[in-house]
Every structure is written in C-alpha cells, then in structure tokens.
Amino acid sequence: MGIQNTSARTSSQSRKGAENPSSRRSSGGVVHDNVRHTTRFTVVGNHLTQHATLSLLAIGLAVHIQSLPAGAPVDIKTLAARFPEGTTRIAAGLRELEVHGYLRRTRERTGNGRVVTRTVSCNQPGRSGGEERPAEPEPRPTARRTEAPRRAEAPRRRALPAVPQPAYPAPDLLVTALDVLVGLRREDPLLHLSATDAEHLAPGVAAWLERELTPAEVRRVLTFALPREPLHRPAALLAHRLNAQLPPLPPFRTPNETPAVRHPLQNCETCDHAYRAPEPGTCGTCTSVT
C-alpha cells in the first residue's frame, strides 16, 4: 500500500540467499510477493498501518475510509452495514481515530436548519495540505530558573450514569435504539445528544425494547414532563430515567402457550352497554333474559 518496498534486498543479500536457499526458508517471518499497482490503489503510511497504539479495527477503518472517494458516507450505520463488527465496536474504532488525529468529526447546521456531521479523514495527522507545520522555536535559556505559571486545568466532565444492558444486544436492536435517541431532539430541542452520549445510552434503550415496548412508547417515557429550564447535560437525565423507570421483564411463555385473546369492545344491541365479543350482538345479561 505504501511507496516504500519493505521486501527489497541489497545485491550482497541476494547473492548470499542464492548461495544458501535453505537459510531463507528456515529464517521464518513474512516473505513479500509484491506486484506494482498501476490502477485502483491507495497510498497509506506505515505510521498508520504499524501504529503502536491503535487497535486492528481502528487501523482497518482508517485504511477503508482513506480509500473511499470524497463525499462517500462514513457514518456508523453505513459502516455497520458494510462490516460485521456492529455499531458499538465501529463507534469505538472511530473514537480511537479521532483521539490520534486520523479523523475529525464536527456538527454543522445547514441552510435549511438541519444538523449534519462533517467527517474529515487525515492521512498524515499533524500536517496540513501535505506540508509539514513549522517547528516552534526553542525557548532561550534564562540566567535564573523561574517556575512556569501553572495553567488552570479544565474541569473534567463527569462520567454518565450506567444504563441497563440488554440480554441479547443484537445489531438491529441497537440500531433501533440509536434511532430512538436521535429522534428525541425532534420531540424536544432540549434533548440534543452528542454521538458519544448516544452510544452510551443505546444499550439502555435496547433493554427497554427487549421488554416488549415499542420505540414510540420508549420515546414517550423519555420526553415526558421535562424541566423547562435548559438542561446542562440531557444525557445524564435520560440515563437516570432509563435506570429508575426500567419496566419489568415480560412474563415467560412456553413455546406452545398462546396469549389470551382480547376481543374488541361491542355495544349491546338491546341495552347499549359495552362488552367484549368477537362480533356485534347482545351482552351476556340480555342474552340470558331472552
């Protein structure tokens, strides 16, 4: 993938290997069988492919994103549909790339009022337009050593409360949970969530969906009776509600057990009282009188 050919040998090494072929086979390690690419290739730096800190998933995501044309979608749902790792692992890999400078994601408001995420892929973090930034001048030594003023540390953001975890975190269930969380800001502008907060809350919403609640019912509970003053951190309020109001598990049903039939309400043709029956007619009281 890179320009450098790591398998190239000097002339002396080639002659030595030709004299003793068995030593080449017994040395172990990878042997490159490279063919020069002329079309459909991407140049990727070894600083990424041999990164000492990034996970293998994050490296693979970075290489895939760098190979895509400009304008291609690289959101979590699109990548989860393309690869089998799922939304949670892909979101963690993207956060790794952001920390190490290979990815920048910003939220911008378009002309029609929509908020979209802009993603910038950086093939060489720390450089702009392929030119290296000028190095900062070294400070001149002073005759008298003075203590540098301490910078005021920014207050650390408190971690969100833990949320319930689903028994079976299927990818489709987590995607539905993310859709519920993203749609909350349409119900109330106070519930605007970041991508990190939504990833933290998604398993909690999935645990509610496992308890036979519909997405609309979960959305109604999370948006009910919100405080009117601006919320400092809406995700903390939602995490509290997901924990405090978690509904019970549905009753266990054997495979052969069928739920009881609940007939619709009918109006008695004799006394006009409401009763449940599969078809219109007379209630039980009127039927026994006749």
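Modeller: Where pLDDT is low, the predicted coordinates should not be read in detail. Strand β4 (residues 131-132) has the lowest confidence in the chain, with a mean of 44, whereas α9 has the highest, at 92. The average for the chain is 79, and 78% of the residues score at least 70.

Some figures for the chain as a whole give the setting. Its secondary structure consists of 12 helices and six strands, and 25% of its 290 residues count as buried. Among contacts with a separation of 6 or more, 57% join residues 24 or more positions apart.

In soluble globular proteins, nonpolar side chains tend to be buried together. Here the largest nonpolar core has 26 residues, and the ones with the most contacts inside it are Leu-181, Leu-201, Val-205, Val-218, Leu-238 and Leu-242. At least two of its residues come from each of α7 (171-182), α9 (195-210), α10 (215-222) and α11 (234-244). The helix that gives the most is α9, with seven residues, and α9 is also where the confidence of the chain is highest. Val-205 shows how the parts meet: leaving aside neighbours within four places in sequence, Val-205 is in contact with Ala-177, Val-180, Leu-181, Val-218 and Leu-242. Apart from this core lies another, of 18 residues, including Ala-58, Val-74, Leu-94 and Tyr-102.

Asp-188 lies in the loop between α8 (184-187) and α9, and Asp-188 counts as buried because its relative accessible area, 11%, is under the 20% cut-off. Beyond four places in sequence, Asp-188 is in contact with Leu-226 and Arg-228. Thr-223, for its part, lies in the loop between α10 and α11. Although Thr-223 and Asp-188 are 35 residues apart along the chain, their C-alpha atoms are separated by 7.3 Å. With neighbours within four places again left aside, Thr-223 is in contact with Leu-184, Glu-187, Leu-191 and Arg-241.

Glu-212 is found in the loop between α9 and α10, where it has a positive phi of about 65° although it is not a glycine. With a relative accessibility of 53%, Glu-212 counts as exposed. Arg-40, in the loop between α2 (21-26) and α3 (46-49), is a further non-glycine residue with a positive phi, in this case about 50°. Arg-40 also counts as exposed, at 84% relative accessibility.

To complete the surroundings, I turn to a later stretch of the chain. Gln-266 sits in strand β5 (residues 265-267) and is buried, with a relative accessible area of 13%. A polar atom of the Gln-266 side chain lies 3.3 Å from the backbone oxygen of Ala-277. Not counting residues up to four places away in sequence, Gln-266 touches His-273, Ala-274, Tyr-275, Ala-277, Pro-278, Glu-279 and Pro-280.

Cys-268 counts as buried at 3% relative accessibility. Cys-283 is in no disulfide, and the nearest cysteine sulfur, belonging to Cys-286, is 3.6 Å away. Cys-283 counts as buried as well, at 10% relative accessibility. The number of disulfides comes to zero, a disulfide being a pair of cysteine sulfur atoms within 2.5 Å.

How values were computed:
Residues numbered from 1 in each chain as written. Predicted model: local features only at pLDDT ≥ 70, side-chain atom pairs only at ≥ 80, totals over all residues. Heavy atoms only, no water. Helix = DSSP H or I, 4+ residues; strand = E, 2+ residues; numbered from the N terminus. Buried < 20%, exposed > 50% of the residue type's maximum accessible area, 1.4 Å probe, protein only. Contact = heavy atoms within 4.5 Å. Core = buried A, V, L, I, M, F, W, Y, C linked by side-chain atoms within 4.5 Å. Polar contact = N/O pair within 3.5 Å; in protein donor to acceptor, adjacent residues only side chain to side chain. pLDDT = per-residue confidence, 0-100.
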